[in-house]
Amino acid sequence: MTQFEHRQSAHCESGVVANLVSASGVPMSEPMAFGLSSSLIFAYLPMVKMAGMPLIAYRMLPGSIMKGSAKAMNANWQSETFSNADEGMAALDRALDAGKSVGLQTSIYWLPYVPEDMRFHFNAHNLVVSHKEGDEYVVSDPVFPELKRTDAASLKKARFVKGVMAPKGRMYQLLEAPNNINYEKAIPAAIERNRKLMKAPMVPMVGTKGIRYMGRQIQKLAKDPTKSDYLKQYLGHIVRMQEEIGTGGAGFRFIYAAFLKESAEMLNSKLLAEAGDAMTDAGDEWRRFALNATKMCRGRKDMDADALYDLLDVCAKKEQAVWDMLKGVKTAI
């Protein structure tokens, strides 16, 4: 086990996984951890509500990055939750006393070093406690450029808060360093898994079809004059889910593009390099959609649901083009 190095990252879970794997002695970038996990997705889930609005996901469920990348790397993680908060804190202390760096799932709202304007009730925020100094825990939180500190009472509250995706004190450790990762095999396999997820032929609200499905919901609301105020709130919610909560939809596309480009260099593949450029282009389109939706819901531009659908259709087409390009990647590289 090498000394833990704090690195800021674009997303908390992929950043924590990359930092803990690197601390084991196996260098790992955040894009590689994310890409190997096959966690890129789009899902429009009206049956799951967030502030009364449909949940819109741009990555797989919390925990999927650790599980997916572990399978690709043949890594062995130990993850546990606790019904008793005192036992959970004692288990953390024992691991730190043993010289382990420990990953935790927490509520970002209750972490004392998080500025007020950055706080919201999200219970799946990941961080690493690298060690303890006196009564303070030294925290590697991927959101921040430098190490942070927290007292025990605040960390306990953040670990054992109730609500949706309650962390239940979840802590996880890498038991042993991944041994001889076969990137020539793991990268194409991870890409193929993700390609199938985004194709999602039987699920109209998931993958590239789900992007267009959301566009049609916008058009449907725009046709009902009694829903004009709701439509503005709905667009604001879409943009918030896409760009403000966590890494954002475009952000995950940029991380995946970085994974493809890193893989291209590692495997000397022109195909992966071109796919990386194309995925970056798709991320730019998501940002273009968010900009226009924001202007419309704030009254800075005339509401035009058809124009928003067209922008989402472009996002879907560009993402589809990437996955079509990567079809058969196992034999192409």
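The protein chain exposes about 15,300 Å². Carbon and sulfur atoms supply 51% of that area. These areas come from the Shrake-Rupley method with a 1.4 Å probe, and for residues only the protein chains shown count as cover.

A word on what you are looking at. This is a predicted model, where local features need pLDDT of at least 70, side-chain atom pairs count only at pLDDT 80 or more, and totals for chains, interfaces and linings use all residues. Residues are numbered from 1 along each chain as its sequence is written, and side-chain values use heavy atoms, with hydrogens and water left out.

Next, the overall build. The protein chain has 12 helices and eight strands. Those are DSSP runs, numbered from the N terminus: helices are H or I with at least four residues, strands are E with at least two. The radius of gyration is 21 Å, close to the 20 Å that the globule rule gives for 333 residues, so the chain is as compact as a globular protein of that length. The radius is taken over C-alpha atoms, and the rule is 2.2 Å times the number of residues to the power 0.38. Along the principal axes, the C-alpha atoms fill a box of roughly 60 × 50 × 30 Å.

How much of the chain is buried? Of the 333 residues, 54% are. Buried means under 20% relative accessible area, exposed means over 50%, and partly exposed lies in between (1.4 Å probe, protein chains only).

Now contacts, meaning heavy atoms within 4.5 Å. Take those between residues at least 6 apart in sequence: 69% join residues at least 24 apart.

A95 gives us a local example. A95 sits in helix α4, residues 85–97. A95 is buried, at 8% relative accessible area. Setting aside neighbours within four places in sequence, A95 contacts K100, V102, M171 and Q173. Q173 is 78 residues from A95 in sequence, yet their C-alpha atoms are 8.8 Å apart.

Second stop, Q217, in helix α7, residues 207–222. Q217 counts as buried because its relative accessibility is 19%.

Last item, an annotation. An unreviewed UniProt entry places a "transmembrane region" at residues 41–61. UniProt positions are in the numbering used here, feature names are shortened, and annotations may be inferred rather than shown by experiment. In the model, residues 41–61 are 0% helix and 81% strand. The end C-alpha atoms of that stretch are 10 Å apart.
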